[in-house]
Amino acid sequence: IPPIPAVDFSQFGEIEEKPMGRLLKVGAMNLHRSWLNVPHVTQFDEADITELEKFRKSMKAEAEKRGSKLTPLPFILKACAYAMQKYPQFNVSLHPDGDKLIQKKYIHIGFAVDTPDGLLVPVVRDVDQKSLWELADATADLASRAQKKKLTADDMKGGCFTISSLGSIGGTAFTPIVNAPEVAILGVSKASIKPVWNGSDFVPRQMLPLSLSYDHRAINGADAARFTAFIAAVLADIRQLLM
Ligand code: CAO
């Protein structure tokens, strides 16, 4: 690709050169590699999480008693694992020889953690087999170790899919970069109350924006729309996780 020309910025004003830390450099290389290799498409949807939020708030005292914090993330992890079981084409990697797909039979999901040194993506193993409490505790432990630079290389290996949640910060949508060799990543933005038409009236509902970027070599657009709509439907009625 044509290189961006070097510019002497000091001719325009005061500057300072700052070294890039190791994590930033590794992250930049991974993101660039995925950006160049993967034909990205992003599918947007919204989940009505009004009932989920009622349930989550009703569990607040129980969570405190257990020493856990129940954020939307464990529910989103669980919904993604359920969707990957229903749509296994999201749990593949392209074989490097270019003529096979590798179907994974396990469901390990990474989640992006923002740290002062850069982005880290620890992986929660066997998400489909863990309870919401176990997922809450596993994500809290991994996020806290990420902040303290205590993650091991194994903590960041083996992911099948990634969740990038910017929901506690803000935004209505974004286009996450697929964490190759995975084939899809779910971006989550900030939930907000919106007027939703129920057939006769506008009613206030809490809506969670979802942005699914996927590798169009492995996944077609109709499947991406179905997968994202399925995640939204499961988050709208988490009783489906019992089915
Ligand atoms: N909408 C509205 N509120 C949300 C939300 C959403 N989508 N997601 C979380 N929140 C709320 C939580 O419920 C919590 O509020 P309460 O205490 O009232 O319940 C608050 O925001 C803070 O949540 P949190 O950040 O402690 O926990 P989390 O599980 O949502 O997120 C983690 C954990 C590790 C994902 C997050 O801390 C983080 O690092 N996010 C950044 C990820 C990132 O950088 N992605 C970009 C990658 S690409 O460059």
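Tyr82, Tyr87, Phe90, Phe161, Phe227 and Phe230 come together as one aromatic cluster. The chat below works through this predicted model.

User: How many aromatic pairs are there?
Analyst: The count is seven aromatic pairs. One of them is Tyr82 with Phe230, a tilted pair with 5.5 Å from centre to centre and 45 degrees between the planes.

User: Where do Tyr82 and Phe230 sit in the chain?
Analyst: Tyr82 is in helix H4, while Phe230 belongs to helix H6, residues 221–236. They are 148 residues apart, and the pair links distant parts of the chain.

User: Phe230, buried or exposed?
Analyst: Phe230 is buried, because its relative accessible area is 13%, and the cut-off for buried is under 20%.

User: And what about Tyr87 and Phe227, which geometry do they have?
Analyst: Tyr87 and Phe227 are edge-to-face. Their centres are 6.2 Å apart, with 80 degrees between the planes.

User: Why does that pair tie separate parts together?
Analyst: Tyr87 lies in the loop between H4 and strand E2 (92–94), and Phe227 lies in helix H6, so the pair joins parts that are 140 residues apart in sequence.

User: What are the accessibilities of Tyr87 and Phe227?
Analyst: Tyr87 has a relative accessible area of 13% and is therefore buried. Phe227 is buried too, at 0%.

User: Staying in H6, what about Leu235?
Analyst: Leu235 lies in helix H6 and is buried, with a relative accessible area of 1%.

User: How far is Leu235 from Ala79?
Analyst: In space, 6.6 Å from C-alpha to C-alpha; in sequence, 156 residues.

User: Switching to the ligand. Which residues are closest?
Analyst: The closest are Thr71, Asp114, Ser164, Ser189 and Ala191, out of 21 residues that surround the ligand.

User: What is the make-up of that shell?
Analyst: The shell around the ligand has 11 nonpolar residues, six polar ones and four charged ones.

User: Which backbone atoms come up against ligand nitrogen?
Analyst: Ser165 has a backbone N or O atom 3.1 Å from a nitrogen atom of the ligand. For Gly167, a polar backbone atom is 3.5 Å from a ligand nitrogen. Ser189 places a backbone N or O atom 3.0 Å from a nitrogen atom of the ligand.

User: How much of the ligand does the protein bury?
Analyst: The protein buries 69% of the 980 Å² that the ligand exposes when taken alone.

User: Which elements give two or more residues to the shell?
Analyst: Helix H4 (72–86), strand E5 (113–115) and strand E8 (161–165).

User: Last topic, Ser34. Where is it?
Analyst: Ser34 is in helix H1, which spans residues 22–37.

User: Buried or exposed?
Analyst: Ser34 counts as buried, because its relative accessibility is 5%.

User: What does its side chain reach?
Analyst: The Ser34 side chain reaches the backbone nitrogen of Ala180, at 3.4 Å.

User: And which residues does Ser34 touch?
Analyst: Leaving out residues up to four places away in sequence, Ser34 touches His40, Ile177, Val178, Asn179 and Ala180.

Key. Residues numbered from 1 in each chain as written. Predicted model: local features only at pLDDT ≥ 70, side-chain atom pairs only at ≥ 80, totals over all residues. Heavy atoms only, no water. Helix = DSSP H or I, 4+ residues; strand = E, 2+ residues; numbered from the N terminus. Buried < 20%, exposed > 50% of the residue type's maximum accessible area, 1.4 Å probe, protein only. Polar contact = N/O pair within 3.5 Å; in protein donor to acceptor, adjacent residues only side chain to side chain. Contact = heavy atoms within 4.5 Å. Near = heavy atom within 4 Å. Areas by Shrake-Rupley, 256 points an atom, 1.4 Å probe, with all protein chains shown as cover. Nonpolar A, V, L, I, M, F, W, Y, C, P; charged D, E, K, R; others polar. Phe/Tyr/Trp six-rings, centres within 6.5 Å; stacked < 30°, edge-to-face > 60°.
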